Amino acid sequence: MVGRFWAALLTPKWISRLVLVVGVASVASSLSPTLDARSEVINSLVPPVFPAAASTGTAAIGIMLILLARGLRRAKRRAWAVALLLTTVAAATHLLKGLDIEESVMCTAMVVLLVLARKNFTARPATRSLSAVLATLVIGPVVATAMGWIWLTVDARGQEHGTSPVDRLVQAVDGLVGVPGPVAFNNERSQVIATTALAVFGAAVLLVALTAALRPPAGPGPLSESDEERLRALLDRWGKEDSLGYFALRDDRAAMFGPGGAAVSYRVVGGVSLAAGDPIGNPDAWRGAIDAWLEEARECGWIPAVIGAGEDAARAYQRCGLDVLELGDEAILHAPRFTLDGREMRGVRQAVSRCERSGLSTEVRRIRDLGEAEVERLRALANDWRDGNVERGYSMALGRFGAPEDGDAVVVLARLDDEPVGLLHFVPWGRDGLSLELMRRNRTSPNGVIETMVAGLMAAAPALGVERVSLNFAVFRGVLARGEQLGAGPTARLGRALLMGASRFWQIDSLYRSNDKYRPEWVPRYLVYPGAGELAGVVTAVLQAEAFVPGRSAKRAEEQELVSR
């Protein structure tokens, strides 16, 4: 029992929590007045400059420990080393600033715990982070001193007459570490402002250096030719298992192969190792690939997460210690059962009839059957018809159109008066399925052009050998569906009301309705993440990867067009 307690206490999760407590306590202690009796003892032993500097230093250490807690939670080796150094120094500064024995004992105990937990912190930093730290520690104080000197020179109203530029320079240097300098102030308010401002400059240098030190390694580069060949071999045999499998061939993804013939496709976004869809390959070998992917995440200090995992994959990830959250549903059409007949399909049937009467026609072809000039033209039209400058998508987007290696992909083209007015692009889903990758239409095209293209594809499905077609993903579809059912409870209705409000800004309800009219089979998809404490970071990374919020991923998506490699 005691052994299990100590083992748990020394894990990165609990060490990070304890360091956070020590950091908060240090900040609070630095801001609290010291006991008069203790202050008299300290002042009788050391000059007054030392307690003042120790108080400022304790506050800075406390702030840095608070910031280090997140890096410690990810088992970063450098975060552990910095935390060990800071808590050791803090044990001394607490005594020096006011004989705060209790806080010093707390820091000493934390030092002991950190030493005992050393073997649990193995995540490596970015390759270039050490050089960035050294550059910050060399250049940072120079810049901070210059800024402090300029500030003291420009705002000299509170300084005694006759203060020289050299005095201000020395004051700027001393003030970075909280030590009083030679500048005399004619009022207490000016002195407090100057002391605080200079200490902030010094703390800023340390915080920038700390950020550089804890920066996680960048993700692996794009797929190598050999890795792509291995993925394609797995997809040829096991691609039917997941409609999102083909998107593992995106140009910006990497793959982690396990020992048993499976791989996890992922990309590192903002310190999150973000996989998408199910592992590729034999489901019996998924565990090996997942374990290898999780081990790499631990070594690099990345947060492991998965977007769009299917039910079986979500269970596999859950058995590896991750949490699962229902994200939404994927719409699947089955070609043998698809029909425009019946009352439920009346809206789609009318839209198709209206477009056909207006002269709209559709054609369905494989990419390999298109000429190079035609591919170029369709690629240009797809870019022109894009809504906005950002090419969105990560988990269900390929990010390229018409590449020779994607010859099995299918294009559905709508024409009006022999001019293209809409297109759908599908990637292979095994040998008998297709998965929607791109949906575009000319804004001046008649209403119903999308329905007509979907109906045209389903009519051509037997000739293509296609049994299944995956359409768009509807986020939180289950919440919307449950909330509109007869007799829905207050919780279900509240959830639906919140999503309907969010639909004013994001296409949540409209995307659900646009797919539901085809009466598809709804297949759940899940978000996989380490725990509630990391959920906010995971969601942010997902939004960046899908190019819904600013970030490196969104910037890349904005600059990217649908080009072949």
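Let's start in a loop: Pro-404 sits between H14 and S8. With 69% relative accessibility, Pro-404 counts as exposed, because the cut-off for that label is over 50%. Keep in mind that this is a predicted model. Along the chain Pro-404 and Arg-368 are 36 residues apart, yet their C-alpha atoms are separated by 7.0 Å.

Asp-408 lies in that loop too, between helix H14 (372-384) and S8. Its relative accessibility is 41%, so Asp-408 counts as partly exposed. What does Asp-408 contact, once its neighbours within four places in sequence are left aside? The partners are Arg-366, Arg-368 and Pro-428. There is also Arg-365, 43 residues from Asp-408 in sequence and 9.5 Å away, C-alpha to C-alpha.

**The whole protein**

Stepping back, the protein has 20 helices and 12 strands. It runs to 565 residues, and 49% of them count as buried. If you take the contacts between residues at least 6 apart in sequence, 75% join residues at least 24 apart.

Here are some pairs that are separated in sequence, with their C-alpha distances.

| Pair | Apart in sequence | C-alpha to C-alpha |
|---|---|---|
| Pro-404 and Arg-368 | 36 residues | 7.0 Å |
| Asp-408 and Arg-365 | 43 residues | 9.5 Å |
| Leu-67 and Leu-20 | 47 residues | 8.0 Å |
| Leu-152 and Gln-171 | 19 residues | 8.7 Å |

**Two leucines in helices**

Leu-67 is found in helix H4 (residues 49-73). At 44% relative accessibility, Leu-67 counts as partly exposed.

Leu-152 belongs to helix H7 (residues 129-154). Is Leu-152 buried or exposed? Its relative accessibility is 1%, so Leu-152 counts as buried. Setting aside neighbours within four places in sequence, Leu-152 is in contact with Gln-159, Arg-168, Gln-171, Ala-172, Ala-194 and Leu-198.

**Helix H6**

The buried residues in H6 are Glu-103, Ser-104, Cys-107, Met-110, Val-111, Leu-113 and Leu-114. As background for reading that list, an α-helix has 3.6 residues a turn, so residues three or four places apart point the same way.

**H13 against H15**

Next, a helix pair. The axes of H13 (residues 346-357) and H15 (residues 449-464) come within 8 Å and cross at roughly 100°. That angle makes H13 roughly perpendicular to H15. Which residues meet there? From H13 come Val-348, Ala-351, Val-352 and Cys-355, while H15 brings Val-449, Glu-451, Thr-452 and Ala-455. Sorted by class, this contact has six nonpolar residues, one polar and one charged.

**The nonpolar cores**

The largest nonpolar core holds 32 residues, and the members that touch the most others are Leu-333, Leu-424, Phe-426, Val-469 and Tyr-518. Several elements each supply at least two residues of this core: the helices H13 and H15, plus the strands S6 (323-334), S8 (410-416), S9 (419-428), S10 (433-441) and S11 (468-475). Which element gives the most? H15 does, with eight residues.

Apart from this core lies another one, of 25 residues, including Leu-9, Val-19, Leu-65 and Met-110. Met-110 is also one of the buried residues of H6.

Back to Tyr-518. Not counting residues up to four places away in sequence, Tyr-518 touches Leu-333, Phe-338, Met-345, Val-348, Ile-450, Glu-451, Val-454 and Leu-471. Of these, Val-348 and Glu-451 also take part in the meeting of H13 with H15.

**Two positive phi values**

Finally, some backbone angles to look at. Asp-418 has a phi near 65°, a positive value in a residue other than glycine. Asp-418 is in the loop between S8 and S9, and at 65% relative accessibility it counts as exposed.

Arg-519 has a phi near 55°, again positive in a residue other than glycine. The loop holding Arg-519 runs between helix H18 (509-516) and strand S12 (521-529). With 41% relative accessibility, Arg-519 counts as partly exposed.

Note on methods
Residues numbered from 1 in each chain as written. Predicted model: local features only at pLDDT ≥ 70, side-chain atom pairs only at ≥ 80, totals over all residues. Heavy atoms only, no water. Buried < 20%, exposed > 50% of the residue type's maximum accessible area, 1.4 Å probe, protein only. Helix = DSSP H or I, 4+ residues; strand = E, 2+ residues; numbered from the N terminus. Axes fitted to C-alpha atoms, helices over the stretch in contact; angles between N-to-C directions. Parallel < 35°, antiparallel > 145°, perpendicular 65-115°, else oblique. Contact = heavy atoms within 4.5 Å. Nonpolar A, V, L, I, M, F, W, Y, C, P; charged D, E, K, R; others polar. Core = buried A, V, L, I, M, F, W, Y, C linked by side-chain atoms within 4.5 Å.
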